[in-house]
Amino acid sequence: MSAESASTTRAALFDVDGTLVDSNYLHVRAWQRAFREVGHDVDAWRVHRAIGLDSSLLLQSLLGDDADELGDRAKDLHTTYYLGARDSMRPLSGVRELIRELHGRGVQVVLATSAPEEELDVLREILSVDSYIAHTTSSEDVDHAKPDPGVVRAAMDRASTSPDTAVMVGDAVWDGKAASRAGVTFVGLLSGGISRAELTEAGAAAVFEDAQDLLDNLESSPLARLLVS
(Lines give C-alpha, C1' and ligand atoms only; values in the text may rest on other atoms or scores of the structure.)
Protein backbone atom coordinates (compact mmCIF):
# COMPACT_ATOMS: atom_id res chain seq x y z
CA MET A 1 0.00 0.00 0.00
CA SER A 2 1.36 3.42 -0.90
CA ALA A 3 1.69 6.21 1.65
CA GLU A 4 -0.95 8.14 -0.23
CA SER A 5 -3.56 5.37 -0.13
CA ALA A 6 -2.77 4.49 3.48
CA SER A 7 -3.17 8.08 4.61
CA THR A 8 -6.76 8.11 3.36
CA THR A 9 -7.74 5.42 5.87
CA ARG A 10 -5.34 5.48 8.81
CA ALA A 11 -5.82 8.15 11.46
CA ALA A 12 -4.48 9.21 14.83
CA LEU A 13 -7.25 11.01 16.71
CA PHE A 14 -6.03 13.46 19.33
CA ASP A 15 -7.74 15.14 22.21
CA VAL A 16 -6.29 18.66 22.57
CA ASP A 17 -6.50 20.11 26.11
CA GLY A 18 -3.99 18.31 28.33
CA THR A 19 -2.89 16.06 25.46
CA LEU A 20 -1.41 18.52 22.97
CA VAL A 21 -1.69 21.86 24.80
CA ASP A 22 -0.75 22.46 28.45
CA SER A 23 -4.12 23.96 29.35
CA ASN A 24 -5.90 21.67 31.82
CA TYR A 25 -4.91 23.65 34.88
CA LEU A 26 -5.89 26.88 33.14
CA HIS A 27 -9.33 25.31 32.69
CA VAL A 28 -9.38 24.48 36.40
CA ARG A 29 -8.60 28.04 37.37
CA ALA A 30 -11.12 29.47 34.90
CA TRP A 31 -13.89 27.20 36.20
CA GLN A 32 -13.03 28.03 39.80
CA ARG A 33 -13.30 31.76 39.09
CA ALA A 34 -16.55 31.24 37.19
CA PHE A 35 -18.10 29.15 39.96
CA ARG A 36 -17.06 31.63 42.62
CA GLU A 37 -18.67 34.44 40.65
CA VAL A 38 -22.01 32.59 40.51
CA GLY A 39 -21.85 31.91 44.25
CA HIS A 40 -20.16 28.51 44.50
CA ASP A 41 -16.67 27.81 45.83
CA VAL A 42 -15.49 24.53 44.31
CA ASP A 43 -12.19 22.90 45.29
CA ALA A 44 -9.60 22.73 42.51
CA TRP A 45 -9.19 18.95 42.75
CA ARG A 46 -12.90 18.45 42.10
CA VAL A 47 -12.76 20.65 39.03
CA HIS A 48 -9.66 18.88 37.75
CA ARG A 49 -11.37 15.50 38.04
CA ALA A 50 -14.11 16.78 35.72
CA ILE A 51 -11.94 18.42 33.04
CA GLY A 52 -12.65 16.88 29.63
CA LEU A 53 -16.15 15.82 30.65
CA ASP A 54 -19.18 17.05 28.71
CA SER A 55 -19.90 20.53 30.07
CA SER A 56 -23.47 19.72 31.07
CA LEU A 57 -22.22 16.75 33.09
CA LEU A 58 -19.40 18.84 34.56
CA LEU A 59 -21.87 21.48 35.68
CA GLN A 60 -24.25 18.91 37.17
CA SER A 61 -21.36 17.30 39.00
CA LEU A 62 -19.97 20.52 40.45
CA LEU A 63 -23.05 22.75 40.84
CA GLY A 64 -25.60 20.08 41.69
CA ASP A 65 -29.18 21.31 41.78
CA ASP A 66 -28.08 24.83 40.80
CA ALA A 67 -26.69 23.71 37.44
CA ASP A 68 -29.86 24.51 35.50
CA GLU A 69 -30.10 28.02 36.91
CA LEU A 70 -26.42 28.97 36.98
CA GLY A 71 -24.83 26.75 34.35
CA ASP A 72 -25.07 29.03 31.31
CA ARG A 73 -23.62 31.98 33.22
CA ALA A 74 -20.81 29.82 34.59
CA LYS A 75 -19.98 28.53 31.09
CA ASP A 76 -19.78 32.06 29.69
CA LEU A 77 -17.54 33.18 32.53
CA HIS A 78 -15.33 30.12 32.13
CA THR A 79 -14.82 30.91 28.44
CA THR A 80 -13.91 34.51 29.23
CA TYR A 81 -11.39 33.56 31.93
CA TYR A 82 -9.94 30.64 29.97
CA LEU A 83 -9.35 32.62 26.79
CA GLY A 84 -7.94 35.42 28.92
CA ALA A 85 -5.17 33.01 29.94
CA ARG A 86 -4.05 32.28 26.37
CA ASP A 87 -0.62 33.82 27.03
CA SER A 88 0.02 30.96 29.47
CA MET A 89 -0.88 28.22 26.97
CA ARG A 90 1.86 26.28 25.22
CA PRO A 91 2.27 23.01 23.33
CA LEU A 92 3.29 20.12 25.55
CA SER A 93 6.71 18.53 25.10
CA GLY A 94 7.15 16.68 21.80
CA VAL A 95 3.73 17.53 20.40
CA ARG A 96 4.79 19.26 17.21
CA GLU A 97 7.44 16.67 16.48
CA LEU A 98 4.96 13.81 17.03
CA ILE A 99 2.38 15.36 14.72
CA ARG A 100 4.96 15.97 12.01
CA GLU A 101 6.29 12.41 12.32
CA LEU A 102 2.84 10.87 12.01
CA HIS A 103 2.01 13.03 9.02
CA GLY A 104 5.27 12.04 7.37
CA ARG A 105 4.57 8.35 8.01
CA GLY A 106 1.25 8.45 6.16
CA VAL A 107 -1.09 8.89 9.13
CA GLN A 108 -3.91 11.43 9.13
CA VAL A 109 -3.78 13.58 12.26
CA VAL A 110 -7.25 14.54 13.47
CA LEU A 111 -8.07 16.84 16.38
CA ALA A 112 -10.95 15.00 18.03
CA THR A 113 -12.38 17.60 20.39
CA SER A 114 -15.71 19.14 21.26
CA ALA A 115 -14.15 22.47 22.22
CA PRO A 116 -16.11 25.52 21.05
CA GLU A 117 -14.81 27.03 17.81
CA GLU A 118 -13.54 30.12 19.62
CA GLU A 119 -11.40 28.00 21.95
CA LEU A 120 -10.30 25.66 19.16
CA ASP A 121 -9.05 28.57 17.08
CA VAL A 122 -6.80 29.64 19.96
CA LEU A 123 -5.56 26.10 20.57
CA ARG A 124 -4.70 25.62 16.90
CA GLU A 125 -2.82 28.90 16.91
CA ILE A 126 -0.85 27.74 19.96
CA LEU A 127 -0.03 24.42 18.28
CA SER A 128 1.01 26.08 15.02
CA VAL A 129 0.97 22.82 13.02
CA ASP A 130 -2.11 23.30 10.86
CA SER A 131 -0.35 22.14 7.70
CA TYR A 132 0.10 18.68 9.29
CA ILE A 133 -3.47 18.33 10.59
CA ALA A 134 -5.90 16.64 8.23
CA HIS A 135 -9.19 17.30 10.02
CA THR A 136 -10.69 18.74 13.19
CA THR A 137 -13.94 18.42 15.06
CA SER A 138 -15.53 20.93 17.43
CA SER A 139 -18.68 21.49 19.46
CA GLU A 140 -20.45 22.15 16.15
CA ASP A 141 -20.12 18.47 15.22
CA VAL A 142 -21.63 16.76 18.26
CA ASP A 143 -24.58 17.06 20.60
CA HIS A 144 -22.71 15.59 23.56
CA ALA A 145 -19.03 15.65 24.50
CA LYS A 146 -16.97 12.82 26.02
CA PRO A 147 -17.54 10.28 27.45
CA ASP A 148 -20.18 10.07 24.73
CA PRO A 149 -18.47 8.46 21.70
CA GLY A 150 -19.88 11.05 19.27
CA VAL A 151 -16.66 13.06 19.08
CA VAL A 152 -14.60 9.98 18.23
CA ARG A 153 -17.11 8.83 15.62
CA ALA A 154 -17.24 12.31 14.07
CA ALA A 155 -13.45 12.36 13.85
CA MET A 156 -13.44 8.96 12.14
CA ASP A 157 -16.09 10.14 9.70
CA ARG A 158 -14.00 13.19 8.83
CA ALA A 159 -10.99 10.99 8.16
CA SER A 160 -12.97 8.30 6.30
CA THR A 161 -11.52 5.75 8.67
CA SER A 162 -12.84 2.99 10.94
CA PRO A 163 -12.07 1.60 14.40
CA ASP A 164 -9.66 -0.88 12.84
CA THR A 165 -7.56 1.89 11.27
CA ALA A 166 -7.71 4.54 13.98
CA VAL A 167 -6.14 5.14 17.39
CA MET A 168 -7.34 7.72 19.93
CA VAL A 169 -4.76 9.57 22.07
CA GLY A 170 -5.93 11.46 25.14
CA ASP A 171 -5.17 12.42 28.73
CA ALA A 172 -8.50 11.89 30.45
CA VAL A 173 -10.63 8.99 31.62
CA TRP A 174 -13.39 10.47 29.46
CA ASP A 175 -11.20 10.10 26.34
CA GLY A 176 -10.75 6.44 27.12
CA LYS A 177 -14.42 5.80 27.74
CA ALA A 178 -15.42 7.60 24.53
CA ALA A 179 -12.85 5.67 22.49
CA SER A 180 -13.89 2.34 24.00
CA ARG A 181 -17.55 3.01 23.26
CA ALA A 182 -16.61 3.78 19.65
CA GLY A 183 -14.52 0.60 19.42
CA VAL A 184 -11.25 2.52 18.97
CA THR A 185 -7.91 1.68 20.59
CA PHE A 186 -7.04 4.25 23.26
CA VAL A 187 -3.56 5.47 24.18
CA GLY A 188 -3.34 7.49 27.40
CA LEU A 189 -0.96 10.31 28.29
CA LEU A 190 -0.15 11.45 31.84
CA SER A 191 0.24 15.09 30.74
CA GLY A 192 -3.27 16.01 31.87
CA GLY A 193 -2.70 14.98 35.47
CA ILE A 194 -4.67 11.72 35.55
CA SER A 195 -2.94 8.61 36.88
CA ARG A 196 -1.66 5.67 34.86
CA ALA A 197 -3.94 3.30 36.78
CA GLU A 198 -7.05 5.34 36.03
CA LEU A 199 -6.23 5.65 32.33
CA THR A 200 -5.59 1.92 32.14
CA GLU A 201 -8.87 1.20 33.90
CA ALA A 202 -10.58 3.50 31.37
CA GLY A 203 -9.36 1.26 28.57
CA ALA A 204 -5.88 2.48 27.63
CA ALA A 205 -3.93 -0.12 25.67
CA ALA A 206 -0.77 1.76 26.68
CA VAL A 207 0.07 4.84 28.75
CA PHE A 208 2.95 7.26 28.16
CA GLU A 209 4.25 10.26 30.08
CA ASP A 210 3.50 12.75 27.32
CA ALA A 211 3.70 13.26 23.56
CA GLN A 212 7.50 13.17 23.67
CA ASP A 213 7.48 9.79 25.42
CA LEU A 214 4.99 8.50 22.86
CA LEU A 215 7.19 9.75 20.02
CA ASP A 216 10.29 8.16 21.56
CA ASN A 217 8.45 4.82 21.74
CA LEU A 218 6.32 5.18 18.62
CA GLU A 219 7.46 1.97 16.93
CA SER A 220 6.43 -0.14 19.93
CA SER A 221 3.21 1.77 20.68
CA PRO A 222 -0.32 0.96 19.46
CA LEU A 223 0.18 3.70 16.86
CA ALA A 224 2.83 1.56 15.14
CA ARG A 225 0.18 -0.37 13.20
CA LEU A 226 -0.87 2.85 11.47
CA LEU A 227 2.59 3.78 10.26
CA VAL A 228 3.78 3.61 6.68
CA SER A 229 7.45 2.68 6.48
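I looked up Ser128 to start: is it buried or exposed? Ser128 counts as exposed, at 52% relative accessibility. The cut-off for exposed is over 50%. I note that this is a predicted model. Ser128 sits in the loop that runs between helix H7 (117-127) and strand E3. Its phi is positive, about 55°, although Ser128 is not a glycine.

I then turned to Ser160. Ser160 lies in the loop between H8 and E4. Phi here is near 55°, again a positive value in a residue other than glycine. Ser160 counts as exposed too, with 56% relative accessibility.

**Pro147**

Next I checked the peptide bonds. Which residues does a cis peptide bond join? Lys146 and Pro147 are joined by one, with omega at about 15°. I placed Pro147 in the loop between strand E3 (135-136) and H8.

**Gly106**

I looked for Gly106 and found it in the loop between helix H6 (95-104) and strand E2 (108-111). Gly106 is buried, and its relative accessible area is 7%. I also took a distance from Gly106 to Val167. Their C-alpha atoms are separated by 14 Å, and the two residues are 61 apart along the chain.

**Helix H9**

I went on to helix H9, residues 173-181. Which of its residues are buried? I listed Val173, Trp174, Asp175, Gly176, Ala178 and Ala179. Then I asked what covers the buried residues of H9. Just after H9 comes Gly183, which takes a positive phi of about 75°.

**H2 against H5**

I compared helix H2 (residues 24-37) with helix H5 (residues 67-83). Their axes are 8 Å apart, and the packing angle is about 135°. H2 and H5 are therefore oblique to each other. Their crossing is right-handed. I wrote down who makes the contact. From H2 come Leu26, His27, Ala30, Trp31, Arg33, Ala34, Phe35 and Glu37. From H5 come Arg73, Ala74, Lys75, Leu77, His78, Tyr81 and Tyr82. By class, the contact of H2 with H5 holds nine nonpolar, two polar and four charged residues.

**The aromatic pair**

How many aromatic pairs does a search of the whole structure find? It finds one. The partners are Trp31 and Phe35, 5.3 Å centre to centre. Their planes are 20° apart, and the pair is stacked. I checked where the partners sit. Trp31 and Phe35 are four residues apart in helix H2, so about one helical turn separates them. I looked at burial as well. Trp31 is buried, with a relative accessible area of 6%. Phe35 counts as buried at 0% relative accessibility. Both Trp31 and Phe35 also belong to the H2 side of the contact with H5.

**H4 against H5**

My last entry is on helix H4 (residues 55-63) and H5. They pack at an angle of about 120°, and their axes are 10 Å apart. That makes H4 oblique to H5. The crossing of H4 and H5 is right-handed. Which residues of H4 and H5 meet? On H4 I found Ser55, Leu59, Gln60 and Leu63. On H5 I found Ala67, Leu70, Gly71, Ala74 and Lys75. This contact of H4 with H5 divides into five nonpolar, three polar and one charged residues.

Terms used: Residues are numbered from 1 along each chain as its sequence is written. This is a predicted model: local features need pLDDT of at least 70, side-chain atom pairs count only at pLDDT 80 or more; totals for chains, interfaces and linings use all residues. Side-chain values use heavy atoms; hydrogens and water are left out. Axes are lines fitted to C-alpha atoms, for helices over the stretch in contact, and angles run from 0 to 180 degrees between N-to-C directions. Helices (H or I, at least four residues) and strands (E, at least two) are DSSP runs, numbered from the N terminus. Angles under 35 degrees count as roughly parallel, over 145 as roughly antiparallel, 65 to 115 as roughly perpendicular and the rest as oblique. A crossing is left-handed if the near helix is turned anticlockwise from the far one by less than a right angle, and right-handed if clockwise. Contact means heavy atoms within 4.5 Å. Ala, Val, Leu, Ile, Met, Phe, Trp, Tyr, Cys and Pro count as nonpolar, Asp, Glu, Lys and Arg as charged, and the others, Gly among them, as polar. Rings of Phe, Tyr and Trp (its six-membered ring) pair if their centres lie within 6.5 Å; planes under 30 degrees apart count as stacked, over 60 as edge-to-face and the rest as tilted. Buried means under 20% relative accessible area, exposed over 50%, partly exposed in between (1.4 Å probe, protein chains only).
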